[in-house]
Amino acid sequence: MALPLRPEPVESVLPCNFAALAGDRRSVRAFQDRPLPAGTLERLLQLARRAPSGANLQPGRFIQIEGGIRGRLSSALVEACRDGRQEPEDYGYFPQPMPMSLRRRQVAAAQALYRAVGVAREDRAGRDRQFERNFFFFDAPVALIVTIDREFGAGGYMDLGMTLYGLMLAAQAEGLASCGIGALASYPGLIRRTLGLGERDCIVCGMAIGYADPQAPVNETVTTRCELDEYFTRLR
Ligand SMILES: Cc1cc2nc3c(=O)[nH]c(=O)nc-3n(C[C@H](O)[C@H](O)[C@H](O)COP(=O)(O)O)c2cc1C
């Protein structure tokens, strides 16, 4: 069913404006053991899918995994990671090699995360423990696998990224929180096999959605952004 252009306001939507919505959103990596009300995920996805896309192609699929299949996938991912298994990824996420200027941002984000959970730089086991949380979708009530058809190039990924952000903000607007899980893109073959997906389904990332656990130290992770003049230029 097509979504009307201006969906009726949803009762549970918290009062917010865009500056507050975008300004307050953060990646959340610990959730309450509390399910989403029935129909919430579907509504969030329909709102996210209002994102624009080139020629309105609307690339990308969202697969919610639950119960046994979710458990099997988490176990298989942890096992592959502990075995040090490596697979070719479906797409290149990060620049290879990573230039020093970007590496600094990556390190700062990692430091913010490990500082919040009290893991020291030299504590390899502690970092591995936190990394493995990715494979459990941080125990969020909603675990999504995001795929895109192999025929899409950079434009399709760009469009899908808008939908992903729309989904994060739609969740935030309803008092929910989320975290993208790019770590899953390291095991595309394993994910396809476990979920019975086809070779055309490229594994883009995962996403965790739920109610943030306000007590969890990991949710105190705060990242910064570079200054405007580093990414904005005005030419006359
Ligand atoms: C597509 C995508 C994939 C991500 N993958 C991971 C991940 O695998 N593990 C993780 O802990 N955070 C992941 N993140 C969260 C980023 O680390 C986070 O967005 C970034 O550090 C900025 O912090 P903020 O979201 O709290 O503003 C991902 C974010 C996006 C958008």
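Reader: Which residue takes a positive phi just after helix 4?
Author: The structure is a predicted model, in which local features need pLDDT of at least 70, side-chain atom pairs count only at pLDDT 80 or more, and totals for chains, interfaces and linings use all residues. Residues are numbered from 1 along each chain as its sequence is written. Helices (H or I, at least four residues) and strands (E, at least two) are DSSP runs, numbered from the N terminus. Just after helix 4, a positive phi of about 70° is taken by Gly118.

Reader: How many residues does helix 4 have, and what does it reach from its first C-alpha to its last?
Author: Helix 4 covers residues 100–117, which is 18 residues. The expected span of a helix is 1.5 Å times one less than its number of residues. For helix 4 the expected value is 26 Å, and the reach is close to that, at 26 Å.

Reader: Which residue with a positive phi follows helix 3?
Author: Helix 3 runs over residues 67–82 and reaches 23 Å, close to the 22 Å expected. The residue that follows helix 3 with a positive phi, near 70°, is Gly84.

Reader: Where is the cis peptide bond that involves Pro97?
Author: Pro97 lies in the loop between helix 3 and helix 4. The bond has omega near 0° and runs from Gln96 to Pro97.

Reader: In what order do the 4 strands of the open sheet come?
Author: Two strands pair if DSSP finds at least two bridges between them. The pairing in this sheet is antiparallel, and the order is 1-2-4-3. The strands that pair on one side only, at the edges, are strand 1 (61–64) and strand 3.

Reader: What is the bridge partner of Gly180 in strand 4?
Author: Strand 3 and strand 4 (residues 201–210) pair in the antiparallel sense over 5 bridges. In strand 4, Gly180 has as its bridge partner Met207.
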